[in-house]
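Reader: I would like to learn how to read the overall fold of a model before I turn to a single residue. Could we begin with the contacts along the chain?

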Amino acid sequence: MLANFVITPILIAVFLYVFASAKAAKIVAIIAQTAFTGLAVYLFFQVKQYGAIITSIGNYESVMGIILRADTLSTVFVALTAISFLMAALYSYNENEGKLFWFLLFVWQSLLIGIFLTRDLFNVFVLVEVAAVVVSVLIMYNRDNRSMYDGMFYLMTGIIAMQFYLFGLGYIYRLTGVLDMEVAAEILSGLDRSSLVLPYALIITGVGLKCAILPLFTWLPKAHGSPSAPTVVSALLSGVHIKSGIYLFMRVQPIFQELDASGFFLVIGTITGIAGFALAICQTDIKLLLAYSTVSQIGLIITSLSIGNEYTTTGAMYHAFNHSLFKAALFMGAGILSKVYGTRNITDIRGVFRRFPFLGCVIFLAILGITGAPLFNGSISKYFIMYGTTWYITWLLIFINLGTIIVFTKFSTMLFGRFEQKEVVVSANAKRKGETDFHHRDKTAKLRNYAESIPVNKQVAIAILGLVCFLGGIFGSEFITFLFNVEVSVDAAGYLEKTMIFAVSVVAGILIYRYVVRDNAFLKRFRAIDFGFRGTCAAMGGFFAAVLIVLGFVMN
C-alpha cells in the first residue's frame with residue numbers, strides 16, 4: 001500500500017512527459033494530483049485511527065527488505081508534500097514550461113515522499129542523492145550562466161555532504177549489522193557511548209547541510225534564490241524540500257539516544273536564526289531576502305527541537321508545517337511581482353495594494369503568519385515554542401522574531417506607496433557575461449506593464465495558502481491536536497502577554513528599519529557574502545570536527 005504513494009507521482013510524471021505539450025494533459029495532471037492529495041490525507045486519517053502502517057517490499061522477513069512505515073509525523077509531511085505540489089501544479093498551469101519540467105516536478109515529489117516513509121538508512125541516502133540531481137536540473141532549467149552555477153553548486157555540495165552520511169551509515173552497519181532505524185537504535189542503545197560519537201558526527205554533518213544550519217547554509221540562498229529558477233522550484237525548496245532535512249534531523253536523534261547533543265544544537269540553531277535574519281535584512285533581491293529568511297526560520301526550528309520541552313517540540317513541528325505554507329505563498333507572490341513589475345529589486349516595487357489589492361492582501365496574510373501576528377498560524381507555533389522555556393532562551397527567541405519582523409517590514413514596503421516606471425541601462429560588463437539580472441534593462445526597455453491581469457490559477461494557489469495561514473491561527477490548538485495527536489491549549493493570559501510582546505516588537509522593528517536599516521551603506525557590504533565551494537567544503541569539515549570535540553567533552 002505505502003509503495004503506491006512513491007510510485008503514483010512517478011506515473012503522473014511519465015504521463016506528463018508523454019502528453020505535456022497539450023493543456024488538457026496539464027488539467028489531467030492537476031486532477032490526478034488532487035486525487036493523490038486526497039489519498040495522502042486518507043493515509044493520514046488511517047494512521048490517526050489505527051496507528052502506524054508498515055509495508056515490507058520484496059516479501060523479505062524482518063529488516064532484510066525495504067521497510068516503509070507511516071506514522072503520525074511521516075504522514076503529516078506526506079500530506080503536506082502532496083498539498084504543496086498540488087498548489088505548485090495549479091500555479092504553473094499557464095507557465096510555458098516544457099514536458100521535462102513537469103516530469104521532474106512530480107519525480108521530485110515521489111522522492112520526498114519516499115524520504116518521509118522509508119525507515120532504511122541506505123534508502124535515505126539513495127533518495128536524497130537522486131533528489132539532489134532532480135532539484136539541480138530544475139534550478140538550471142532555464143540554462144543561463146547564474147542558474148547553471150547555482151544548480152551545480154547545490155549538487156556538488158550535496159554530494160560531498162552525503163559522503164559524510166554514507167561513511168557514518170557504514171559505521172552503523174558495522175556495529176549493528178542492520179540499516180533499519182528502529183532496530184539500529186535498539187542495538188546501539190546497548191553499546192558504549194564513546195563508540196557512537198564518530199558515526200553520529202558523520203551522519204549529522206550530512207543531515208546538517210540538508211537542514212542548512214550554520215555554517216552549512218551557504219548553498220541555500222544560491223538554490224532558493226537563483227535568479228532564473230522557476231518560481232515554484234524556489235517555493236517548493238523553501239516550503240517543503242528543506243523540511244526533509246528537518247525530518248531527518250528528528251529521525252536521526254533517537255537512533256543515537258545515548259548521546260546528548262541538544263546543547264550543541266541549541267547554540268547552533270540560535271546562531272543560525274540570528275545570522276539568517278541579519279543576512280536577509282541586507283538583501284534587496286526578493287528571492288534572496290526570502291531565502292535567507294528561510295535560514296533564520298530553520299534556525300528557530302532547530303533551536304526549539306533542541307530545548308527538550310514537549311511543548312517546544314510540538315511548537316517546532318507545527319512551525320515547520322506553517323513555514324511550508326507561508327513561505328510557499330511568499331515565494332509565489334514574489335514570482336508574480338517580479339513578472340508584473342519586471343524587476344526583483346524591492347526598492348523598485350511599490351504600490352501593490354493600490355494596483356493589485358487581492359495579491360497584496362494574500363501576501364500580507366503570509367507576512368502576518370511568518371512574523372507571528374496574533375490570530376495567525378505563526379503566532380500559535382511560536383507561542384508553544386516559547387512555552388515553559390527559561391528566561392534567556394525566551395529572550396533569544398524574541399530577538400530572532402524581532403529580526404523576522406525587521407526583514408518583513410522591509411519586504412512589506414513593496415505593498416505601499418505609488419509605483420513609478422524607471423528606465424535602466426544595462427552595463428556593458430553584464431552584457432559580456434550574459435547574466436540574467438533583473439536589476440538591468442536595455443536603455444530602450446521599460447518595466448512591463450504593471451496593470452496586466454494576474455492569471456486566476458495563480459491567485460487561487462496563493463489565496464489557498466494565505467487562507468490556511470489565517471485558519472491555522474484561529475484554530476491553532478485544534479490543528480496541533482489534529483495533526484500531531486498532542487492535546488494542547490492556549491492560555492489566554494499567556495497569549496495576551498505574547499501579543500503585547502509582538503506589538504512592542506513591531507514598533508521596535510519598524511523604528512529599527514526606518515532609522516538603522518534603510519539606506520544603510522554598511523549593510524550593502526554583506527549582500528554578496530559567498531563562501532564559495534571550497535569554503536563550504538571547509539565548513540563541513542569544521543562542523544564535523546566541532547561535533548566530535550563537543551561530544552568528546554560530553555563523554556568525559
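Author: This is a predicted model, and among the contacts in the protein chain between residues at least 6 apart in sequence, 81% join residues at least 24 apart.

Reader: Which elements of secondary structure does the protein chain contain, and how many of them?

Author: The protein chain has 22 helices and two strands. Its radius of gyration is 23 Å, close to the 24 Å that the globule rule gives for 556 residues, so the protein chain is as compact as a globular protein of that length. Taken along the principal axes, the box filled by its C-alpha atoms is roughly 70 × 55 × 45 Å.

Reader: What share of the residues counts as buried, and how much accessible surface does the protein chain have?

Author: Of the 556 residues, 58% count as buried, while the accessible surface comes to about 22000 Å², with 65% of that area belonging to carbon and sulfur atoms.

Reader: Turning to one residue, is Phe153 buried or exposed, and where is Phe153 found?

Author: Phe153 is found in helix H6, which covers residues 145-176. A residue counts as buried when its relative accessible area is under 20%, and Phe153 has a value of 3%, so Phe153 is buried.

Reader: Which residues is Phe153 in contact with, leaving aside its neighbours within four places in sequence?

Author: Phe153 is in contact with Thr218, Trp219 and Lys222, and also with Gly532, Phe533 and Thr536. Val126, by comparison, is 27 residues from Phe153 in sequence, and their C-alpha atoms are 19 Å apart in space.

Technical notes
Residues numbered from 1 in each chain as written. Predicted model: local features only at pLDDT ≥ 70, side-chain atom pairs only at ≥ 80, totals over all residues. Heavy atoms only, no water. Helix = DSSP H or I, 4+ residues; strand = E, 2+ residues; numbered from the N terminus. Rg over C-alpha atoms; globule rule 2.2 N^0.38 Å. Buried < 20%, exposed > 50% of the residue type's maximum accessible area, 1.4 Å probe, protein only. Contact = heavy atoms within 4.5 Å. Areas by Shrake-Rupley, 256 points an atom, 1.4 Å probe, with all protein chains shown as cover.
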